[in-house]
Amino acid sequence: MISDSGNSVSCWMAGQSLPFSGPLPENARADVCVIGAGIAGLSTAYLLAGEGRSVIVLDDGPGIPPALMGKIFHSRISTKSKQGGLGLHIVKSLVESNGGKVAAANRQEGGAVISMTLLPEV
């Protein structure tokens, strides 16, 4: 989270409240839940999935527009006008090239859920 001063303020710091997050869609199951779908969250999820963990990444943004749902993993598709739209395309390419699966969905409360599973390296 960003404060008015421009400095990052963690929700774990004194005086900060935790953001409300409703239930996941359906009965989602995973070994690990990563909060935040930025580059750090997706990188962490990918590394954990590479260790054989089933991972869900939660994001509290506006979610994925219905018109983009079928294209969200394509190159140059973005919900942000000034972004390149490569993040989820790269994630899908990496996960699938290693025999894994990745999926995206919207949460009823807002935000997106990205799930990925890879087989552990032997």
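Let me begin with the surface: the accessible surface of the protein chain comes to about 8300 Å², and 56% of that belongs to carbon and sulfur atoms, with areas taken from the Shrake-Rupley method with a 1.4 Å probe, where for residues only the protein chains shown count as cover. Please keep in mind that this is a predicted model, in which local features need pLDDT of at least 70 and side-chain atom pairs count only at pLDDT 80 or more, while totals for chains, interfaces and linings use all residues. Residues are numbered from 1 along each chain as its sequence is written, and side-chain values use heavy atoms, leaving out hydrogens and water.

The protein chain has 2 helices and 4 strands, arranged from the N terminus as β-α-β-α-β-β; these are DSSP runs numbered from the N terminus, with helices being H or I of at least four residues and strands E of at least two.

Of the 122 residues, 25% are buried, meaning under 20% relative accessible area, against over 50% for exposed and in between for partly exposed (1.4 Å probe, protein chains only).

Finally, Gly99, in the loop between α2 (87-97) and β3 (101-106), is exposed, with a relative accessible area of 54%.
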